[in-house]
Amino acid sequence: MAALEEGFTLSAVPLGAGPHGLLGVEQSDKADQFLVTDGGRTVILYKVSDQKPLGSWSVKQGQIITCPAVCNFQTGEYIVVHDNKVLRIWSNEDVNLDKVFKATLSAEIYRIHSIQGAEPLVLFKEGAVRGLEALLAEPQQKIETVISDEEVIKWTKIFMVFKHTVLIFITEKHGNYFAYIQKFNSHTLSKYTLLLGQEEKSVIQSFSASVDRNFISLMSLSSDGCVYETLVPIHPRDPEKDQRVVRSLLLKTVVSGDARNGVALTVLDQDHVAVLGPLLPSSKECVSIWNTKFQTLQASKELPQGTSGQLWYYGENLFVLHGKFLTVIPYKCEVSSLAGALGKLKHSQDPGTQTVPHFVNWETSRGHRFGSQNSEQSKRILRRRKPEVSVQNPASKQLLSAIKKDSEKHIEEELCKFLAIKPTPDFNTIIGDIVSELLGRHKAEPSFYPRNSLMQLIQTHVLSHSLCPGLMEAALEKADVQMLQLCLQQFPDIPESVTCACLKIFLSDSVQEEKMEEQTEVLHNGFNAEEENCGNCDRELNKKPQDAAEETTSCPVIPKRAALLNAILHSAYSEMFLLPHLKDIPAQHVTLFLQYLYFLYLKCSENATMTLPGLHPPTLNQIMDWICLLLDANFTVVVMIPEAKRLLLSLYKFVKSQVCICSELNKIEVSFRELQKLNQEKNNRELYSIEVLELF
Amino acid sequence: MGEFKVHRVRFFNYIPSGIRCVAYNNQSNRLAVSRTDGTVEIYNLSANYFQEKFFPGHESRATEALCWAKGQRLFSAGLNGEIIEYDLQALNIKYAVDAFGGPIWSMAVSPHGSQLLVGCEDGSVKLFQITPDKIQFERNFDRQKSRILSLSWHPSGTHVAAGSIDYISVFDVKSGSAVHKMLVDRQYMGVSKRKCIIWGVAFLSDGTVISVDSAGKVQFWDSATGTLVKNHLIANADVQSIAVSDQEDSFVVGTAEGTVFHFQLVSVTSNSSEKQWVRTKPFQHHTHDVRAVAHSPTALISGGTDTHLVIRPLMEKVEVKNYDAALRKITFPHRRLISCSKKRQLLLFQFTHHLELWRLGSTVATGKNGDTLPLSRDADHLLHLKTKGPENIICSCISPCGSWIAYSTTSRFFLYRLNYEHDNISLQRVSKMPAFLRSALQILFSEDSAKLFVASNQGSLHVIRLLEGSFKHLHTFQPQSGTVESMCLLAVSPDGNWLASSGTSAGVHVYNIKHLKLHCTVPSYNFPVTALAIAPNTNNLVIAHSDQQVFEYSIPDKQYTEWSRTIQKQGFHYLWLQRDTPITHISFHPKRPMHILLHDAYMFCIIDKSLPLPNDKTLLYNPLPPTNESDVIRRRTAHAFKISKIYKPLLFMDLLDERTLVAVERPLDDIIAQLPPPIKKKKFGT
């Protein structure tokens with residue numbers, strides 16, 4: 001559930017805000033510090049948690065700041081524009097803005113964008129974009145005009161997509177809206193016309209956007225009070241042509257339709273947006289959190305003193321001008337996992353690979369900020385948290401840069417070096433970054449498939465499917481069964497569709513065709529108990545099983561495939577989600593899998609403990625569950641295939657005999673207990689004995 | 001090392017009493033435990049959970065409540081209506097005060113430790129002032145309709161919560177009047193039960209009252225408004241006990257199903273200030289009712305009808321994951337209940353209210369390792385000696401010659417003379433015991449059975465000469481001036497010249513019997529002594545401590561022996577130090593002076609001082625006989641500690657002669673079989 005917490009005022013002094021409110025709130029290079037630019041002449045640096053200003057800078061009387069101050073994350077300096085054309089760059093130590101570096105440009109600036117990990121970009125009012133450094137090298141360079149006359153930039157935002165900056169800006173001309181996407185790595189500019197659909201007459205009042213893989217999801221709040229979403233592709237198919245994008249209704253009437261101003265929208269995360277504006281026509285303005293997936297209002301907070309219609313969101317805080325005060329409202333959204341709710345999380349793991357502690361430490365989940373009463377404990381938390389200061393250690397940086405360009409061999413070496421270092425607390429996120437980086441490059445150049453590195457990374461035991469969603473996809477694409485097996489063994493959260501896709505590959509003939517040299521390695525991870533049985537199963541596989549006797553003694557699949565299938569049997573799933581996917585498996589594969597399961601079941605029933613030999617054998621429950629699932633999904637098909645029919649018949653007979661045994665055993669259970677008691681008494685009677693003991 | 005015939009005895013029909021109350025003292029890190037037979041035991045949690053003191057029980061004194069007051073004072077109250085204070089130095093009862101309110105069901109010491117509150121059968125709550133040497137009745141609170149089963153003070157000392165039947169009262173301490181009465185729902189899973197008994201209450205500083213009751217509920221009440229705030233239904237049976245940590249961030253409850261639940265105050269979401277009580281961990285270490293729980297800063301402690309005392313460390317509070325983080329289950333007393341007459345092959349078993357004398361069987365057959373030999377004569381039960389009076393037996397002993405038996409209760413000392421005529425034995429009580437021989441903490445006969453040593457609870461040691469059918473008082477060693485500490489352990493040298501005695505904390509004193517004077521005092525050690533013995537010929541005193549250290553001290557030289565210094569320098573094997581039961585008996589081989597035999601509940605060990613000491617890399621315990629190994633390898637891998645874990649739980653082990661051992665085992669299954677059946681829980685189906 002998302003929730004808004006009690007807000008607090010950032011500045012006790014009313015800002016000299018004009019009728020248009022603040023120019024902007026921007027992040028600085030230090031966490032928790034924000035640059036607030038008011039509509040007049042002042043830039044103030046605030047530390048939010050302390051609720052106090054750290055510095056304040058003003059331009060001379062007569063000058064006016066025209067664009068919000070930003071921080072250059074690469075140098076830590078601040079940049080502001082006054083009088084449309086004059087750039088000022090200063091640092092924390094500077095006192096007077098008049099004395100700092102100044103550059104006068106030849107065209108008017110709309111915004112300066114700055115984002116972590118890239119140089120600041122300057123967007124001119126005519127639509128041209130320049131890097132700051134290029135601009136400072138030659139301030140008076142000519143700036144071209146990109147947009148047409150009477151076209152006005154309405155809104156703009158910058159993103160990092162796969163380490164490249166992407167800039168989007170929206171223009172308006174006679175009630176038509178256009179979106180421009182500027183990709184800075186390829187210097188391509190693509191233009192899209194936003195089609196408003198039926199709501200032709202509405203005026204868009206606020207924009208917000210987020211990146212969703214290959215699209216920028218552009219959200220707009222129209223004057224009718226509804227939120228629309230437009231997906232703008234980042235990589236256009238044909239950049240030259242003028243393209244159109246349609247928008248679709250996302251949320252209906254989130255603010256009252258007749259609200260003319262004081263309306264704003266910002267995207268919080270994948271499923272949540274924050275909207276500023278009155279909920280009902282006559283009500284006060286308020287901030288509200290909407291869940292776009294379920295179309296529900298999650299939280300709202302009234303702002304009785306009115307707002308300026310501006311809303312900023314950074315990290316965990318929403319910034320709003322409430323009356324004359326800049327107010328910070330902390331926002332929380334708990335992550336809820338369906339896997340957790342459905343009990344899909346894996347519980348049993350062998351002790352060797354277990355990385356999670358055996359017990360839940362309820363203490364660590366307690367408030368980091370609030371500390372705990374126990375001084376000893378807080379000390380420990382401090383000690384534990386210290387390493388997080390160095391978030392990105394140099395080794396991982398070096399590795400990430402190596403991944404971008406170097407050969408597979410070199411990456412492997414770098415990876416070994418990196419893994420040799422003692423893991424930091426954010427180890428798993430770094431590993432996640434590395435994997436996504438590798439996959440990113442694999443996507444870009446399909447010949448690049450760093451199999452060994454990926455295998456090594458999976459074996460760190462910290463990856464999960466959610467941390468690197470592309471990994472199994474890539475492995476499926478490559479039909480890399482060994483990698484898939486490893487993933488199945490290590491990841492606790494594989495979606496059922498992917499599990500099923502793995503199963504399909506494992507059952508397909510491609511497994512057979514692969515060279516035998518890999519086999520030994522797989523066997524180590526898997527199920528090798530039937531080695532002697534399966535020595536010559538290869539030939540028998542293609543033959544029809546002759547009689548029941550043969551079926552029971554020989555494994556219907558080669559050891560390698562058996563190991564792979566066992567990985568599937570061990571994986572976690574929910575029946576409900578798995579069943580539809582199981583229906584897609586071809587009939588002869590279903591038969592083969594059933595044969596194998598039947599074989600396992602027979603093997604299981606051979607001993608009293610009902611277990612299979614080997615290192616990680618599938619349990620009887622897993623086998624039975626899969627038999628049931630498979631039959632549930634494909635019964636109508638299986639019944640029609642003659643050989644499968646024979647299999648079903650013998651399976652039926654065997655299960656029936658097992659049920660019989662169990663019910664008979666139940667009947668004589670009491671007698672067993674009596675026998676046991678008698679046996680115990682016999683032992684008890686030996687209250688005294690003389691024994692011989694030799695000590696060595 | 002040698003071959004032995006082992007008399008494996010399992011007919012010692014000892015059943016520990018169930019645990020009724022536990023009280024934890026944070027200051028001294030000690031735990032007081034009372035049992036259903038009235039015994040009160042003190043465990044020192046800092047000294048490897050050693051049971052360092054005990055107060056014998058009394059038939060009419062069923063303890064219902066136990067608590068510590070300021071200055072390490074221990075009080076108990078019970079169904080005979082008396083409040084008792086224990087003297088932890090002299091190990092006896094200081095005084096008993098009748099509360100005049102009928103049986104006492106509950107007791108609580110005020111947060112400042114100066115006032116004592118008892119809840120009685122007649123519904124009265126009585127306030128006592130704790131004075132430096134006694135307690136003084138102050139006044140009654142408003143009388144309630146039915147018995148007060150539980151009491152808890154508010155940490156500020158202004159209010160008190162009292163659990164009764166069907167309701168909880170909140171009293172104002174100043175006025176003594178009930179401020180609130182909170183009715184508890186009788187309904188239990190939709191069915192109305194006759195009564196709902198509030199087994200336990202806890203008052204938190206924020207005004208919350210937590211109650212546990214017979215309907216299986218843990219409830220949170222707001223004492224300011226008298227309303228129910230939260231209800232957890234945790235069991236299908238009674239929830240019988242509750243204990244809150246000092247920080248009030250966690251508490252523990254015990255149920256009649258044997259489950260212990262841990263509740264913790266946990267943030268609702270990560271880094272939010274709002275907190276709520278959450279049931280975090282269930283523990284099932286008991287099979288029967290958990291009658292009592294305690295919460296130390298690092299562990300949950302529970303005990304109940306199944307007689308185990310379980311100490312479960314809280315993993316998140318344990319800084320280092322060493323052996324202290326392991327679960328402890330204490331079942332058997334850390335003292336000897338068995339003595340043995342080597343000459344006549346007799347075993348004397350001590351029970352709460354009687355003694356049993358058994359003669360061991362014999363065999364003529366021989367065999368190899370592991371064989372069970374055919375018996376030519378089975379063991380005989382010779383004697384069943386019942387005590388007179390309601391008091392429990394403190395200690396007992398049979399003389400090495402087998403013709404004397406002595407035992408003691410809190411107020412009387414008994415000495416018997418046994419006469420053997422063929423298969424008949426006759427018992428003759430030695431009458432007219434002197435006045436000073438009233439109560440003994442430990443009794444010991446000299447090797448030649450001519451002298452009797454008695455440690456009385458005032459710290460003095462009496463030496464008595466035994467004659468045929470009579471006795472003569474020889475001497476009394478008075479305790480050093482200023483100390484009143486009682487001696488709990490005695491050891492005499494086989495030649496009869498030396499007597500060693502040890503209390504719970506101070507060092508071991510060695511007396512010269514010939515000259516009847518103190519010979520020397522072994523320097524005191526941080527951990528209490530668990531067993532003492534003096535070796536023949538060399539007169540080396542071997543001392544085992546609760547931290548599993550073993551020292552050897554030469555009495556004639558008045559210094560530690562060379563071997564003892566060597567092993568202290570090198571250190572014991574880490575597995576030796578990790579054992580969790582103390583050594584309760586030490587003995588020696590008459591023909592092999594280099595051997596020391598000692599045992600705890602799970603192993604017995606022969607230390608051969610002539611062999612090299614093991615270091616942490618060598619295998620300490622090797623149960624397998626060496627096979628196919630040349631003598632060279634065997635000699636190279638042999639070390640001083642020969643350990644056998646065949647017999648367990650081992651209550652007693654001694655050497656009868658050069659080639660014969662006696663081992664008394666008490667299998668846990670036999671104890672469980674004699675306990676009342678636990679609450680039946682369905683294992684299968686719904």
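Student: Before we dig in, what ipTM does the predictor give the complex?

Tutor: Remember this is a predicted model, so let's begin with the scores. The predictor gives a pTM of 0.58 for the complex, together with an ipTM of 0.83.

Student: And what share of the residues of chain A reach a pLDDT of 70 or more?

Tutor: Chain B has a mean pLDDT of 89, with 94% of its residues at 70 or more. In chain A, pLDDT stays under 50 over residues 336–391 and also over residues 514–552. The mean for chain A is 75, and the share of its residues reaching 70 or more is 79%.

Student: How many of the contacts in chain A with a separation of 6 or more, in percent, come from residues 24 or more positions apart?

Tutor: Chain A has 21 helices and 29 strands, and 49% of its 696 residues count as buried. For contacts with a separation of 6 or more, the share from residues 24 or more positions apart is 54%.

Student: Now helices H8 and H9 of chain A: are they roughly parallel or antiparallel?

Tutor: H8 covers residues 469–478 and H9 covers residues 481–490, and their axes come within 8 Å and cross at roughly 150°. Angles over 145 degrees count as roughly antiparallel, so H8(A) and H9(A) are roughly antiparallel.

Student: Which residues of H9(A) make that contact?

Tutor: H8(A) passes H9(A) in a left-handed crossing. From H8(A), the contact uses A:Leu471, A:Met472, A:Ala475 and A:Leu476, while H9(A) brings in A:Met483, A:Leu484 and A:Cys487.

Student: Which helices are included in what covers the buried residues of H7(A)?

Tutor: H7 spans residues 451–458 of chain A, and its buried residues are A:Ser453, A:Leu454, A:Met455, A:Leu457 and A:Ile458. Their cover includes H8 and H9 of chain A, along with H5 (408–420) and H6 (427–444).

Student: Last one: is A:His442 buried or exposed?

Tutor: A:His442 lies in helix H6 of chain A. Beyond four places in sequence, A:His442 is in contact with A:Phe448, A:Tyr449, A:Ala474, A:Glu477 and A:Lys478. The cut-off for buried is under 20% relative accessible area, so at 8% relative accessibility A:His442 counts as buried.

Conventions
Residues are numbered from 1 along each chain as its sequence is written. Chains are lettered from A and ligands numbered from 1 in the order in which they are written. This is a predicted model: local features need pLDDT of at least 70, side-chain atom pairs count only at pLDDT 80 or more; totals for chains, interfaces and linings use all residues. Side-chain values use heavy atoms; hydrogens and water are left out. Axes are lines fitted to C-alpha atoms, for helices over the stretch in contact, and angles run from 0 to 180 degrees between N-to-C directions. Helices (H or I, at least four residues) and strands (E, at least two) are DSSP runs, numbered from the N terminus. Angles under 35 degrees count as roughly parallel, over 145 as roughly antiparallel, 65 to 115 as roughly perpendicular and the rest as oblique. A crossing is left-handed if the near helix is turned anticlockwise from the far one by less than a right angle, and right-handed if clockwise. Contact means heavy atoms within 4.5 Å. pLDDT is the predictor's confidence in each residue, from 0 to 100. Buried means under 20% relative accessible area, exposed over 50%, partly exposed in between (1.4 Å probe, protein chains only).
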